[in-house]
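Student: I'm new to this one and would like a close look at a single part of it. Could you walk me through it slowly?

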Amino acid sequence: MSSRPQIKIPATYMRGGTSKGVFFSLTDLPEVAQVPGEARNKILLRVIGSPDPYGQQIDGMGGATSSTSKTVILAKSEQPDHDVDYLFGQVAINKAFVDWSGNCGNLTAAVGAFAISKGLVDPARVPENGICVVRIWQKNIQKTIIAHVPITNGEVQETGDFELDGVTFPAAEVVIEFMDPADGEGSMFPTGNLVDDLEVPGVGTFKATMINAGIPTIFVNAADIGYTGTELQKDINSDAEALARFETMRAYGAVKMGLIQDISEAVARQHTPKIAFVAPATDYEASSGKSISVNDIDVCVRALSMGKLHHAMMGTASVAIATAAAVPGTLVNLAAGGVERDAVVFGHPSGTLRVGAAAAEVDGEWTATKAVMSRSARVLMEGWVRIPGDTF
């Protein structure tokens, strides 16, 4: 029986925000995978352990959730006035598919730290003590992101007392600025409306706010689909019929947003758009048992990622939430009280998150200039990942 030995690829396993992923320097990948294509996808699928019909990713680095089935490729930036190019791949769990259609806002928090530690940032820009401002070019969505990474004694500071709901242990705070987060190729509201009637055959017609900011997102009212907005993962993810309805709604919303031409294309675009539901602020108990008071938050939001309710909130969806909340008349703004705001505190299954956003109407078109949030990041393991030599 012939066999090929496993190959080793330098890699770092990192937590960023409420996600985890495998990080690579572009030049450390096999040469055939340093360009987009089938070889790259095959390598990343094998690293993560997909496709896995058991849905567990036992034979790879993935954690069997959308939050832990992620890969990142970084390189010195080819863009002027940027330090690092950041490419994100969302790996499907039970399909042989890597979705390159959007960003991961949570893992963005780890990009700056990785870039500094791997020498992708000019050492002259890294202070001995203080904050290193890392200028990130997000290649998936062609946008600038600024990460403010704390530095102590010339090295990235990872430990600290910043607490992030959805992450068990405190760490150092990393402030992330998403610059011009709206889709630069069209309207922030691609249908031209702040609220639309979304017709979903076999399901119903729903009021929906569809926005391109951070990541394309479809917001509906929780009450319109039979929910309260305080649901936890078990309430949604154990209901196969509910998940199927959400996916159907997402597919029809994607068509209405112009992201796909036919609902059949949604299966190959699972990462975007996201679908979320909103409700006015109310008391509830988070998944950790923590009590969330109506006085702690402005609005309740629940969002699905890769077909399942997220355990906390995607970073990119957080940008969409904050931007929509800043625009009077959207479903998010109305659920948050219908007032003008430049920041929103929303309740999610794991707790709360505050995100600042600035939006303005110019010549009849809404635009967003910046969204800001705090995250944390930490190296969990570094060394090499191994994959069979016949993977590609």
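Student: Which residues does Q233 touch, not counting residues up to four places away in sequence?

Tutor: Happy to, and keep in mind that this is a predicted model. Q233 touches S238, L309, H310 and H311, once you leave out residues up to four places away in sequence. To find Q233 itself, look for helix α3, which covers residues 233-237.

N333 sits in helix α6, residues 331-335. With a relative accessible area of 1%, N333 is buried. Leaving aside neighbours within four places in sequence, N333 is in contact with A324, A325, V327, P328, G338 and V339.

Next, on to the strands. Strand β9 (residues 174-179) pairs with strand β7 (residues 143-152) in the antiparallel sense, over four bridges. One spot to look for there is H148, whose bridge partner in β9 is V175. β9 also pairs with strand β20 (residues 365-375), again in the antiparallel sense, this time over six bridges. Here, I176 stands opposite M373 in β20.

Most residues other than glycine have a negative phi, and most peptide bonds are trans. Now follow the loop between α1 (38-48) and β3 (70-76), where you'll find P51. The peptide bond from S50 to P51 is cis, with omega near 0°. Q57 is found in the loop between α1 and β3 as well. Q57 is not a glycine, yet its phi is positive, at about 55°. Its relative accessibility is 1%, so Q57 counts as buried. A64 has its place in the loop between α1 and β3 too. A64 is not a glycine either, and has a positive phi of about 65°. With a relative accessible area of 23%, A64 is partly exposed.

One last stop is P273, in the loop between α4 (240-256) and β13 (274-280). The peptide bond leading from T272 to P273 is cis, with omega near -5°.

How values were computed: Residues are numbered from 1 along each chain as its sequence is written. This is a predicted model: local features need pLDDT of at least 70, side-chain atom pairs count only at pLDDT 80 or more; totals for chains, interfaces and linings use all residues. Side-chain values use heavy atoms; hydrogens and water are left out. Helices (H or I, at least four residues) and strands (E, at least two) are DSSP runs, numbered from the N terminus. Contact means heavy atoms within 4.5 Å. Buried means under 20% relative accessible area, exposed over 50%, partly exposed in between (1.4 Å probe, protein chains only). Two strands pair if DSSP finds at least two bridges between them.
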